[in-house]
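The sequence and the structure come first.

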Amino acid sequence: MSRAWNELLMDDHQATERVFDAMEKAFDRPQGPAPAMVADMMRYFAIYLDGCHHKKEENWLFPRMAERGIPMHGGPLAVMIGEHEQNRAILQRMQPLADAFVAGDASVLEALKGVFHEYIGLLKDHFWKENDILYPMALRVFDAADARHVIDGIAQEEAKLTQGTRADWYAVAEGIARAGDVRNLSFNLDHAVLGALLDTLPIELSFVDQDDTVRYFSHEAHDKIFPRSRAVIGRKVQDCHPAGSVHLVNRILADFKAGQRQVAEFWIDMGPRKVHIRYFPVRDPEGRYLGCLETVQDIAPIQALTGQRRLLTEA
Ligand SMILES: [Fe+2]
Ligand SMILES: [Fe+2]
C-alpha cells in the first residue's frame, strides 16, 4: 500500500533524526566529526531538508491547510513557516563554518558545534510539533482529494531536486548514521579489561594528549623500568623532563603535530638492561593528531635470543 502524505513527511523527519543522532555523537568526540561526515550533513541539510522537505510543506501542505480554514497568519502555520525561516538563517551561518572545517580548519569546531546544536534543537522540536500536532490537525480537515493533492506535491518537489532522488538522500542519511556508529573494536571491551590488557603488554606505555598533557601510564602496580607516580597525570610533559632535554621533547612533539615524523627512538644501557624508548604520534582514523605515545621496553632478553624455539617449554 502506498504511504499517506503524513507518513511520507514523517519518513523525511525520521531519516533526518538519524543524521542528527549520528552527528551529535560525532560532535561529542574531542576531535569532532570526520570532515566527510560534515560535508555530507551540509549537503543533506541544504539540498534535501531545506531545499525539498520544507518545500513540500510550504508549497503544498500549508497552503492546502489554509484553504481548509486553518489561518495562514497568527496560528500554527505561521509558527511553522517562521521556524523554517529561522532554520534557513541558522543553516546560512553554519555553512561557512562547515566549509572551513571540511577544508581542515579545526579551530572552528566549537563554533560549528554550537550552531549545529542550535539547528537541531530547533528542528527536533519542529518535527515533534508537525508529527504530533500539525499533521493530525490537517488529517482532521482534509478529504481524499486534499490528501492526493499533497502526495502529488511531494512528488513534484522531489522531481525538482537538482541532485539525486529521495532514495539517494535517504542513503546519504543512512551513510552518515552508519559513520556515526562505527566504533573501534576497543569500545566492545570494558574499561577494566582494556586496562588489564594494557598492563599485560611487555612494554610500558605513557600517553600525552594533543595539548602535551600527561593522561595515562600503564603498569602502575608493577615494577617499572621508569617508575612513575600519579602526580604526573594532568601535568605538561615539558614539566616532567629534565631542563636539558625539554628542547628535544618539544622538537619531537612539533614534528609529530606537523606530520613530519612517524617515530623517535632511543636506546640506553641501564645495568643489565638495554632499554628501548620509542615515541609515536597517535592519530585518529582521519589522521588527526591525538597525542604522543611513549613505549619503554627492556630488549636485552630479545637481543640475547639465538637459534629457534619451536616447542612449548615448562611453565
Ligand atoms: Fe516543517
Ligand atoms: Fe517537516
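## Domain arrangement

The C-alpha centres of domain 1 and domain 2 lie 46 Å apart, in what is a predicted model. Domain 1 covers residues 5–182 of the protein chain, and domain 2 covers residues 189–303. The contact between them takes six residues from domain 1 and four residues from domain 2.

The size of an interface is often given as the accessible area lost when the parts come together. Between domain 1 and domain 2 the buried area is about 340 Å², with carbon and sulfur atoms giving 55% of that area. On the side of domain 1, Gln31, Ala34 and Pro35 supply 78% of the area buried against domain 2, which is more than any other three residues supply.

## Helices H1 and H2

Two packed helices are described by the angle between their axes and the distance between the axes. For helix H1 (residues 5–28) and helix H2 (residues 35–67), the axes come within 11 Å and cross at roughly 155°, so that H1 is roughly antiparallel to H2. The crossing of these two helices is left-handed.

The residues of H1 that meet H2 include Trp5, Leu9, Asp12 and His13, while those of H2 that meet H1 include Met37, Tyr48, Lys56 and Leu61. By class, the contact of H1 with H2 consists of 16 nonpolar, three polar and three charged residues.

## Helices H2 and H5

The axes of H2 and helix H5 (residues 144–159) come within 9 Å and cross at roughly 155°, and H2 and H5 are therefore roughly antiparallel to each other. This crossing is right-handed.

From H2 the contact draws on Tyr48, Cys52, Lys55, Lys56, Asn59, Trp60, Leu61 and Arg64, and from H5 on Ala145, Asp146, His149, Val150, Gly153, Ile154, Gln156, Glu157 and Glu158. Sorted by class, the residues in the contact of H2 with H5 are seven nonpolar, four polar and six charged. Tyr48, Lys56 and Leu61 of H2 are among the residues that meet H5, and these three residues also meet H1.

## Helices H1 and H5

The axes of H1 and H5 come within 9 Å and cross at roughly 35°. Here Trp5, Leu8 and Leu9 in H1 meet Ala147, Val150, Ile151 and Ile154 in H5, and the residues of this contact divide into seven nonpolar, no polar and no charged. Trp5 and Leu9, which take part in this contact with H5, are also among the residues of H1 that meet H2.

How values were computed:
Residues are numbered from 1 along each chain as its sequence is written. Chains are lettered from A and ligands numbered from 1 in the order in which they are written. This is a predicted model: local features need pLDDT of at least 70, side-chain atom pairs count only at pLDDT 80 or more; totals for chains, interfaces and linings use all residues. Side-chain values use heavy atoms; hydrogens and water are left out. Axes are lines fitted to C-alpha atoms, for helices over the stretch in contact, and angles run from 0 to 180 degrees between N-to-C directions. Helices (H or I, at least four residues) and strands (E, at least two) are DSSP runs, numbered from the N terminus. Angles under 35 degrees count as roughly parallel, over 145 as roughly antiparallel, 65 to 115 as roughly perpendicular and the rest as oblique. A crossing is left-handed if the near helix is turned anticlockwise from the far one by less than a right angle, and right-handed if clockwise. Contact means heavy atoms within 4.5 Å. Ala, Val, Leu, Ile, Met, Phe, Trp, Tyr, Cys and Pro count as nonpolar, Asp, Glu, Lys and Arg as charged, and the others, Gly among them, as polar. Domain bounds come from an automatic or database domain assignment. Buried area is the accessible area (1.4 Å probe) that two parts lose on being put together, summed over both.
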